[in-house]
Amino acid sequence: MAFPPEFLRELEDRSRIEDIAESYVRLRRAGKNLVGLCPFHSEKTPSFNVYPGNNSYYCFGCGKGGGVINFVMDIERLDFLEAVKWLAQRAGMRMPEEGVDDSMSRLRMRILEINRESGRFFYKTLISPEGEPGLSYLRGRGLDPGTIKHFGLGYAPDNGFGLTNHLRKLGYTKEELIQSDMVRTSKKGNLYDRYRGRVMFPIFDLRGNVTAFGGRILTDEKPKYINTSDTPVYHKSSGLFAMNLAKNSGSRQLILAEGYMDVIALHRAGFTNAIASLGTSLTEEQARIMKRYADEAVICYDSDSAGQKAAERAIPILKAAGLRVKVITVPGGKDPDEFMRNYGKDGPIRFRQLLEKGGTDVEYRLQKLRDQFDLDTDEGRVRYLREATQAVIAKLSDPMEQEVYAGRVAQEAGVDKSRVLETVKRLSKQERHREQRKLGLQQMSVKLAPGGDRRQDARIRAQAAQRGIIAYLFRHQDRAEAIGKLCPPEKFITPEYQRVYNAILGRMIQDTVTLASLGEVLTGEESGCLSGILASTGDAPPNERDLKEYLRALEEETRIEGTEEWSKTASTQDIGKYLDDLRKKKA
């Protein structure tokens, strides 16, 4: 059963999209609307639009859109019910207590409870005689009891059933335990602990809930670390270790380290803005979360080949999210944890010096190239110049950056700066030509598509007609029943538009709807589709005359679309009538 319409309307009135979105996105006024960099995909030019007029949002880059409830669903990774609860709590409203299917919400709540109880179990085990192997390991890494408690570290017993038995006694079902990924099922159908004989690192979301765990084995067994798989409350593509602490550090800089122990060592040394990605390469989603709380990211990965490759992959992702990027290398091939332990009390001061001396991502890449070539030889200088201009400088979008680094490279190689700049401009021009040629070939393939221009034009008109009908219907909801008779959903030829049209038509016949209330019946893609339609027609909404043209265009396309199948079963008289109609239209 759906929420009462009056409840959703009041909730929407109390939850202004511009107020909520500004907690996640820096917005600027653009006429009556607001724009900013999209929080859902990486971009350099703002395409994320907020529409206070109808309390909605839409990104013209990635297609995300919907009402205020959709925004909370997308940004906080919640389902519809949880997003409504989130907004109701923010607005100080009481939730309707009956008639709502909250099975997924209850499952998520139960998994969060399981994770919390698991964290407590692991910690109690760690400080018990059974946890001596884990406690000895952590003490050997220099951790004191306060640090262990602060990060909620623990130990998973080696017997394989301790946690499972503990959680079953607390009343959690087999399905709930499996969904949490804390428990696995054997071939015989028996439950057993996912983590055994490992030091446990709990992973918290930004609200302080335990959503997952990482476990380190104490033997030479592989893999060294295992992490929770994706669950209804956790997505490894967006998880960041210690982000719940770093976001409150008061700094607009984040230090991105490679492992749990590196982050803990940095926090102990006073660098509470340190975080780590979770067992995977940095993702665009993680970078966008970082951008909410920082303007600059400092990559501090291990200095081995794997760490350098990871840094190379992370740089463009962080820059695409709008972050300034610095890269620091811990001397001696050490990681931050080992660095701090080696230097003892001097560790924090020395690491601060590394931060201050750290170069930009461009300087880091140029330094890596310099290390590959012998600049005391002509051949080495030529190869360095070629690689530096092609792989680094020519790819910079800012002409001022190009000039600065061209001058630096020219000085290092002992050549004239103007020659380097000439090469950079030539390479940049070639890259633009390649992009233009690629675009031209794509456009040509569309023009040469089977069916010819006339067929293509008819298809385009029909697509526009479907969008126009939906836009008109949303703005004239009192006419829903009449429009439904003129154009039943089966006349729509595009499945996505048909689903959107069918959903809103049925709702509107019963009651007035808003984008927020439709979040309950439309998928995220469908909500984005509807928001895009409304956004693109906002300045010139369709009128009655437009509607008639849309209906005519859709009718014509439906007829053409069905011609092939119809011709197989139609009589000679039917086909003759159809051809006569075509001749009359042409005349």
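**Helix 15 and its surroundings**

Author: Start with helix 15, whose buried residues pack against strand 13 (253-257), helix 11 (260-268), strand 15 (296-300), strand 16 (324-327) and helix 14 (336-343). Contact here means heavy atoms within 4.5 Å. This is a predicted model, in which local features need pLDDT of at least 70 and side-chain atom pairs count only at pLDDT 80 or more, while totals for chains, interfaces and linings use all residues. Residues are numbered from 1 along each chain as its sequence is written, and side-chain values use heavy atoms, with hydrogens and water left out.

Reader: What makes a stretch a helix or a strand, and how many of each are there in the protein?

Author: Both are DSSP runs numbered from the N terminus: helices are H or I with at least four residues, strands are E with at least two. The protein comes to 27 helices and 17 strands.

Reader: Which residues of helix 15 are buried?

Author: Helix 15 spans residues 347-357, and G347, F351, L354 and L355 are buried in it. Buried means under 20% relative accessible area, exposed means over 50%, and partly exposed lies in between (1.4 Å probe, protein chains only). Across the protein, buried residues make up 47% of the 587 residues.

Reader: Why are the buried residues of helix 15 said to line one face?

Author: Seen down the helix axis, they fall within an arc of 100°, so they line one face of helix 15. The arc is taken from the directions that lead from the helix axis to the C-beta atoms. An α-helix has 3.6 residues a turn, so residues three or four places apart point the same way. The face turned away from the buried side of helix 15 carries the exposed residues I349, E356 and K357.

**Rings**

Reader: Why is the pair of F40 and F71 called edge-to-face?

Author: The structure holds 19 aromatic pairs. Rings of Phe, Tyr and Trp (its six-membered ring) pair if their centres lie within 6.5 Å; planes under 30 degrees apart count as stacked, over 60 as edge-to-face and the rest as tilted. The ring centres of F40 and F71 are 6.0 Å apart and the planes stand at 70°, so this pair is edge-to-face. F40 lies in the loop between strand 2 (33-36) and strand 3 (48-51), and F71 in helix 3 (residues 68-76), so the pair ties together parts 31 residues apart in sequence. Both F40 and F71 are buried.

Reader: What angle do the planes of F151 and F241 make?

Author: The angle is 25°, with 6.2 Å from centre to centre, and the pair is stacked. F151 is in the loop between helix 7 (145-150) and strand 6 (154-156), whereas F241 is in strand 12 (residues 240-241), so the pair ties together parts 90 residues apart in sequence.

Reader: Why do F151 and F241 count as buried?

Author: F151 has 5% relative accessibility, so it counts as buried. F241 has 2%, so it counts as buried as well.

Reader: What sits over the ring of F40?

Author: The charged end of K64 does, 5.8 Å from the ring centre. The rule asks for NZ of Lys or CZ of Arg within 6 Å of the ring centre and within 35 degrees of the ring normal. The charged end of R194 likewise sits over the ring of Y195, 5.4 Å from its centre. Ring pairs also link F40 with Y24, F48, Y57 and F71 into a cluster.

Reader: What makes strand 1 and strand 5 edge strands?

Author: They belong to an open sheet of 5 strands in the order 1-2-3-4-5, with antiparallel pairing. Strand 1 (28-30) and strand 5 (65-67) each pair on one side only. Two strands pair if DSSP finds at least two bridges between them. Strand 4 (residues 56-59) and strand 5 have 3 bridges, and the bridge partner of Y58 in strand 5 is G65.

Reader: Which strands does helix 3 touch?

Author: Helix 3 packs on the sheet, touching strand 3, strand 4 and strand 5, and its direction makes about 125° with that of strand 5. Axes are lines fitted to C-alpha atoms, for helices over the stretch in contact, and angles run from 0 to 180 degrees between N-to-C directions. Helix 24 (residues 524-536) lies across strand 3, strand 4 and strand 5, at about 90° to strand 5.

Reader: Is K32 buried or exposed?

Author: K32, in the loop between strand 1 and strand 2, has a relative accessible area of 60%, so it is exposed.
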